[in-house]
Amino acid sequence: MLNRRHIRIKVMQVIYAFQGNESDDLKINQRFLGHSMENMYNLYLLILSLLVEIQAKAEDHLIKSQKKHLATQEEKNPNRKFVNNELLLLLKENTLLKETLESRKVTNWKLDDEYIDVLFKSLIESDLYKEYMSTKTSTFKEDKSFIIDVFKEIIAPNDKLYNYLEDKNITWLDDLPVINTAIVKLLRKANPNISQSHFLPQLFKDEDDRVFANNLLNKTLLNLTALSKEIEGKTANWDKDRIANIDFVLLQMAICEFQKFSSIPVKVTINEYLEIAKEYSTPKSSVFINGILDKLVKEYSDKGTLNKVGRGLI
């Protein structure tokens, strides 16, 4: 779920907020990074649980309609195709998912259920829903395809949900595209026989990624002075105040990878930080960063100090 680029973004956010001296409050920053990454998993659970809550809202809506004093024949004998959607039922009946939501205290929708109402209303008013409900039966494949479309077209782009998440945790906005992509992938891979753990993926692909996150933070923070001198040596004609703070942090991290991470190819490091700069800094930042890093790689190569091992790493 948490890929290397997003790990780099998380580390960048911590270092950008650091504003301290070398090694000061290192443990605090480590905890902040750990909390930020773990909180991303809470966002995943929060978004996934929307599907469970919308199904429950639909079921409650049918029950209330049936109990109306002047209920129509259609309300008395409603089409239960949506509430019986096989993929939604898999999520509803997933006890492991329910236990995880409870243990992590991801219970937002119990208090903020108005957002469930908003999404449910958008759903039943949509052409997507009307077309799906035009029949009373479907296969698991059709149910799954419908839920994926609901997630992509109704839930993920909802502005009120976006604003809610922004109010709850500003860093969630950076996490949201990664989370939405992960959920769609898991929905696509779902089948009637999947294990309950299918919808509870690991936050990190493997332990190496967790170690990478902590090492990148620690090694960058512990070498800020030396890394800053490397940058200043290549920006002599630049007014330091004119260099965007984000650019300076990205350069520090990239140079740290050149020097301290022997197994990461130079091209991978450069490409990753250029892409992050395009998203988080100024329009010209990627060109500026690329120029500095190219100069440093050439200098390290000429001196034989580029610490890379293995084929294709330079």
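Predicted model: local features only at pLDDT ≥ 70, side-chain atom pairs only at ≥ 80, totals over all residues.
The structure contains 1 cavity of 30 Å³ or more. The space within the largest cavity amounts to about 40 Å³. Two elements each give two or more residues to the lining of the largest cavity, namely helix 2 (26–66) and helix 9 (140–155). The lining itself is formed by L51, I54, F82, L88, I147, V150 and I155. Helix 9 supplies the largest share of these lining residues, with 3.

In general, a pair of packed helices is described by the angle between their axes and the distance between the axes. Helix 12, which spans residues 207–221, packs against helix 14, which spans residues 245–260, at an angle of about 105°. The axes of helix 12 and helix 14 lie 10 Å apart. Angles of 65 to 115 degrees count as roughly perpendicular, and helix 12 and helix 14 are therefore roughly perpendicular to each other.

On the side of helix 12, the contact is made by F212, L216, K219 and T220. Their counterparts in helix 14 are Q252, M253, C256, E257 and K260. The residues of this contact between helix 12 and helix 14 comprise 4 nonpolar, 2 polar and 3 charged.

Conventions: Residues numbered from 1 in each chain as written. Heavy atoms only, no water. 1 Å grid on protein atoms, 1.4 Å probe; cavity = no way out; pocket = protein on both sides within 12 Å on 5 of 7 lines; lining within 4 Å. Points joined across faces, edges and corners; volume = space filled by probe spheres on them. Helix = DSSP H or I, 4+ residues; strand = E, 2+ residues; numbered from the N terminus. Axes fitted to C-alpha atoms, helices over the stretch in contact; angles between N-to-C directions. Parallel < 35°, antiparallel > 145°, perpendicular 65-115°, else oblique. Contact = heavy atoms within 4.5 Å. Nonpolar A, V, L, I, M, F, W, Y, C, P; charged D, E, K, R; others polar.
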